[in-house]
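Please look through the sequence and the model before reading on. The report below then takes up a few helices, a strand, some charged pairs and a surface patch.

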Amino acid sequence: MKTIEKLNHLRDLMKKNRIDAYIIPSSDPHISEYLPDYWKSRSWISGFTGSAGTVVVTQKKAALWADSRYFLQAEKELAGSGIDLCKMGLPETPSMEAWLISQLKNGDVVGFDGNVFQTTSAKSLMETLQKSKIKSNPNLNLISPIWDKRPKPPKGKAFIQELKYTGKSVSEKLTEVRKVMQQKGATAYIICALDEVCWLFNIRGNDIDFNPVVLSYGYIDNEKAILFIDTEKIDEHIANELIEQGVSLKKYCKVEKQLRKLGKHDSIFVDPSKINYFLYSAIPCKVKKIEGIGIVTELKAQKNSIELESIRNAMIEDGIAMVEFLSWFGSNIGK
């Protein structure tokens, strides 16, 4: 299906849902930059294959915002697509919000899928549009109904990252996290970024090319720690090891239900830059939200002696590989 045909199908759905503009970011439910094929919606609808960019579609126009890394690539891949390139960072390029406001009128509605939209960006976008009397609908997935032969979600197996590489057990890390939670006044904490979930639970995976992660969420409160992950990705050995470390396992899709169970006496710590807007909105209004840089983000940045030694070893191996390449290159460049 050509890009113009895809845009026409999307516009038909927009009409049925009374949406005047629709935003398609480069993201997944974990706000990742590098994505499994299943979530490459922006790439699918536009034909632009760069790792970053956002498409906005109205009934009459469509535009893609890309940064300077991709100006040449985007111009080539968007040719004849009906999508204009907006070169981010140039003085003559309007922001996505300014462009939307210029294309829409009072009472129009902008739609997007909150499941793949960063909370910080979603809140800022909706506030800006509201000032111009433009409404927002963050609960619309208009891509799945029109994406024929969409790739399946990844099913890569998880594996344990051994203690000789991590330097700390899962139970030790959970103790550290709970200590910080107590300091911040939080009774619960949700972890969404894939690298942070994998670090906390000492697991790795192969769900994204060149990124050793597995699709999963983490949840911690004062009594339990839960890893939300597709059960077919975890074998019995890994499951038993995690259970021994104080971790229970639940299906990947059950994370929303866990958040909705929080009560008025709970307070949850969230990093709004690393949680999608759908999950953020699933937290009941009566629950106090404590927002800030992720607890795991800061703990993961403080390397222990084992991690530091591994970094040094990796740098040595990388240096050897570079010297060997330069030697080969110097010997063969004239050939």
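Helices (H or I, at least four residues) and strands (E, at least two) are DSSP runs, and they are numbered from the N terminus. This is a predicted model, in which local features need pLDDT of at least 70 and side-chain atom pairs count only at pLDDT 80 or more, while totals for chains, interfaces and linings use all residues. Residues are numbered from 1 along each chain as its sequence is written, and side-chain values use heavy atoms, with hydrogens and water left out.

**A nonpolar patch**

F325 lies in helix α13, which covers residues 305–332. Together with M322, L326, W328, F329 and I333, F325 forms a nonpolar patch on the surface with about 660 Å² of accessible area. Such patches are made of residues with over 30% relative accessible area and no salt bridge, where nonpolar side chains (Val, Leu, Ile, Met, Phe, Trp, Tyr) are joined within 5 Å and like charges within 9 Å; accessible areas come from the Shrake-Rupley method with a 1.4 Å probe, and for residues only the protein chains shown count as cover. F325 has a relative accessible area of 42% and is therefore partly exposed, a class that lies between buried (under 20%) and exposed (over 50%).

**Two helices in contact**

Two packed helices are described by the angle between their axes and the distance between the axes. Helix α7 (residues 170–184) and helix α8 (residues 194–201) have axes that come within 7 Å and cross at roughly 115 degrees. These axes are lines fitted to C-alpha atoms, for helices over the stretch in contact, and angles run from 0 to 180 degrees between N-to-C directions. V170, K173, L174 and V177 of α7 meet W199, L200 and F201 of α8, where contact means heavy atoms within 4.5 Å.

**Salt bridges**

How many salt bridges does the structure hold? There are 16, each being a side-chain nitrogen of Lys or Arg within 4 Å of a carboxyl oxygen of Asp or Glu. Three of them are listed here.

| Pair | N to O distance |
|---|---|
| R69 and D67 | 2.8 Å |
| E176 and K168 | 2.6 Å |
| D195 and K300 | 3.1 Å |

The pair of D195 in helix α8 and K300 in helix α12 (residues 295–301) links distant parts of the chain, 105 residues apart. Salt bridges that share partners also join E33, D67 and R69 into one network.

**A strand residue**

S248 is found in strand β12 (residues 247–250), and leaving aside its neighbours within four places in sequence, S248 is in contact with A225, I226 and L227.

Technical notes: Buried < 20%, exposed > 50% of the residue type's maximum accessible area, 1.4 Å probe, protein only.
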